[in-house]
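Hi,

Here is the structure I said I would pass on. Have a look at it first, and then read my notes below.

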Amino acid sequence: CNRMGKKNFILIFVLMMTAFAEVSAQNTYEECISAGQKAASADSLEQAEKFFRKALALSPSDYRNALVFTDLGRVQERMGHDKDAVESYTMALNSAPLSVPILMARANLYLRIGNFNSAYVDYCSVIDVDPNNIEALMFRAYACMERRDYNSAKMDYEKVIANEPDNYTARLGLAVLLQKMNRLNEALEKMELLVNQYPDKAELYSVKADMEVEKKLPELAIMDLSKAVELDPKNRNYVLARAYLYLEQGKKRLARQDFERAIELGVDRGSLSEEFKALK
């Protein structure tokens, strides 16, 4: 009887210790996640990565690990460890393959590092789940442009505009896309509408000027670039673009003024040596 009682006591003790260890590990898992999130908020990224990795090691099969892997991926992105971040997002998606936020996180990273094909696939997955996701449609359109799939990009931009007629970015993107498709008249029509609606946006005049140059309308392009410079006088790209147009038009005095102005705005004089030779 004593032996049986002792065995039962040992068995109960082992079960209790196992249960206690599981509870303790669970608490440690949660504490590591909390500590990792706090470290990430404080920009202590290496510490945050360690805490998230420790949480994953403590409870590798926890259903919440999709979120932990996502947090880890975001930290790794901020650290510039893009390859590691892709792997972390992929691990997260293994547990939650239809999670729109995680798909968007990986797609946006793919887009940023220039992996347009993979970005496209992830945005398609998002749109399969949420067909009217404006952000995914916008970024998929951009990915399609980079893949030279202009018709698909056009459909995405048009769908965004159908849902949000005043979406500035989509309207500008569509105009630029039409330019890439050599549909310059349509592109310029859309730019005119944008300029009329947003007359104080310098970038619109610059984009419109680029289209006018392509359409061989240099005088109109100079006028639009002059407006861009007026609205954003510290933008050296606008000043340089106008300088080159002046130079092409044989307006050397005006070209020199703009080249000198560009140098004042930070352009290296040595990089313009050929241009100054052409001004003589």
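F259 and F276 are both buried, where buried means under 20% relative accessible area, exposed means over 50% and partly exposed is in between (1.4 Å probe, protein chains only). Together with Y244, these two residues form a cluster linked by ring pairs. For pairing I used rings of Phe, Tyr and Trp (its six-membered ring) with centres within 6.5 Å; planes under 30 degrees apart are stacked, over 60 edge-to-face, and the rest tilted. That rule gives five aromatic pairs.

One of them is F116 with Y142, an edge-to-face pair at 6.3 Å centre to centre and 70 degrees between the planes. This pair links distant parts of the chain, since F116 is in helix α6 (residues 116–129) and Y142 is in helix α7 (residues 134–146), 26 residues apart. Y142 is partly exposed, at a relative accessible area of 36%. The F259 and F276 rings have centres 6.0 Å apart and planes at 55 degrees, so that pair is tilted. Because F259 lies in helix α14 (residues 252–264) and F276 in helix α15 (residues 273–278), the pair ties together parts that are 17 residues apart in sequence.

Before I go on, the ground rules: this is a predicted model, so local features need pLDDT of at least 70 and side-chain atom pairs count only at pLDDT 80 or more, while totals for chains, interfaces and linings use all residues. Residues are numbered from 1 along each chain as its sequence is written, and side-chain values use heavy atoms, with hydrogens and water left out. Helices (H or I, at least four residues) and strands (E, at least two) are DSSP runs, numbered from the N terminus.

Two rings have a charge over them (NZ of Lys or CZ of Arg within 6 Å of the ring centre and within 35 degrees of the ring normal). The charged end of R147 is over the Y120 ring, 4.2 Å from its centre, and that of K201 is over the Y168 ring, 4.8 Å from its centre.

Next, helix α8 (residues 150–163).

R148, in the loop between α7 and α8, has a positive phi of about 65 degrees although it is not a glycine. R148 is exposed, with a relative accessible area of 66%. K216 also has a positive phi of about 65 degrees without being a glycine. K216 sits in the loop between α11 (202–214) and α12 (218–231), and counts as exposed at 70% relative accessibility.

Cheers
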